[in-house]
Amino acid sequence: MELSCPMGGSAAAPPGPGPPAASGAGLMDGEDYESLPSGAALGTHMVAGAVAGIMEHTVMYPVDSVKTRMQSLQPDPKAQYRSVYEALKKMVLTEGLWRPLRGINVTVLGAGPAHAMYFACYEKMKKSLSDIFQQGGNSHLANGIAGSVATLLHDAVMNPAEVVKQRLQMFNSPYTSVLGCVRAVQRTEGFGAFYRSYTTQLTMNVPFQAIHFITYELLQEHLNPHREYNPRSHIVAGAVAGAVAAAATTPLDVCKTLLNTQENTALSSLNIRGHLSGMANAFSTVYQLGGLPGFFKGVQARVIYQMPSTAIAWSVYEFFKYFLTKHTLEKRTSL
């Protein structure tokens, strides 16, 4: 999963532009959602993050299924697609209406806790480290460390779900259920199979986040220079930044897909026995089978998936964070 948590911003800003202060029954004067008691704030970040993660991954899930197939290095002749629309149409007509959604349940199971941990860890560490590095201010170094640690937790939870999901998404997949896939992979390849792409995933997320937030901040300077709560600029900047980052990191995503799916036809064509492991081996295999263009297979689907996904993640996270914070402060004022 490519994530949406900024590495910088103003001292009062959470991930993305912060919501405005409200008066009366809403947010009290001089008090915003960052000033909640630590326990309440942690729960707020976890719930908002979980909802945002589930929405991000499920709304665009059919396109994610297409992306996985289009990244196949040696696809079956019946699973060769020229565009995202053609792929979705062909999948529905030949494999059934619900085929593009196979594996969505394991994604929901993984995305909820993974994003809850991610946002909670990020917000907690960002505050604690900022007090150490820059008392009373917002430290970019603290944000960077917090984001990196949060990514470690997120990917540790999400990686096994990604493996199962992508194997279910492949054309002519031998797996018909999540549980069946988990049991088969565990029995034939061992527990390590669920983490073969973990280092590749982490390697992909670091540059993805760097590119994403540099682009996002540049766009915000033009679209929302006063950094006010502006959903339109928030969504547009996030979507464009997500698209740029997705396109730039597609080569790593192709390698991750190969490690997750262990594409039999591709590996057999190179007389590779056993299971492919390691990012270096994945890079070499992709290059041997597809040359440089091979590293950008599925880039169209990846960008189309990432743009709305990023916009959804930002807007849903900010909305639920603001809504839950406002509700908590209203309860405090009524006591």
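This is a short tour of the structure, stop by stop, with something to select at each one.

Before you start, note that this is a predicted model, in which local features need pLDDT of at least 70, side-chain atom pairs count only at pLDDT 80 or more, and totals for chains, interfaces and linings use all residues. Residues are numbered from 1 along each chain as its sequence is written, and side-chain values use heavy atoms, with hydrogens and water left out.

**The whole chain**

Show the protein chain as a cartoon: it has twelve helices and zero strands. Here helices (H or I, at least four residues) and strands (E, at least two) are DSSP runs, numbered from the N terminus. Of the 335 residues, 51% count as buried, meaning under 20% relative accessible area with a 1.4 Å probe, protein chains only.

**Helix 8 against helix 12**

Now select residues 231-248, which form helix 8, together with helix 12. How far apart are the axes of helix 8 and helix 12? They are 8 Å apart, and the two helices pack at an angle of about 145°. Axes are lines fitted to C-alpha atoms over the stretch in contact, and angles run from 0 to 180 degrees between N-to-C directions. To see the contact (heavy atoms within 4.5 Å), show side chains including H234, I235 and A239 of helix 8 and R302, M307 and W314 of helix 12. The residues of this contact divide into ten nonpolar, six polar and two charged, where Ala, Val, Leu, Ile, Met, Phe, Trp, Tyr, Cys and Pro count as nonpolar, Asp, Glu, Lys and Arg as charged, and the others, Gly among them, as polar.

**Y305**

Stay on helix 12 (residues 299-334) and pick Y305. Y305 counts as buried because its relative accessibility is 5%. Leaving aside neighbours within four places in sequence, Y305 touches E56, H57, M60, V63 and D64. Try the distance tool on D64: its C-alpha atom is separated from that of Y305 by 6.3 Å, although the two residues are 241 apart along the chain.

**S72**

Finally, go to the loop between helix 2 (61-70) and helix 3 (84-95) and select S72. Is S72 buried or exposed? S72 counts as buried, because its relative accessibility is 8%. Beyond neighbours within four places in sequence, S72 is in contact with M170, E263 and K297. The side chains of S72 and E263 make a polar contact at 2.7 Å.

Key:
Buried < 20%, exposed > 50% of the residue type's maximum accessible area, 1.4 Å probe, protein only. Polar contact = N/O pair within 3.5 Å; in protein donor to acceptor, adjacent residues only side chain to side chain.
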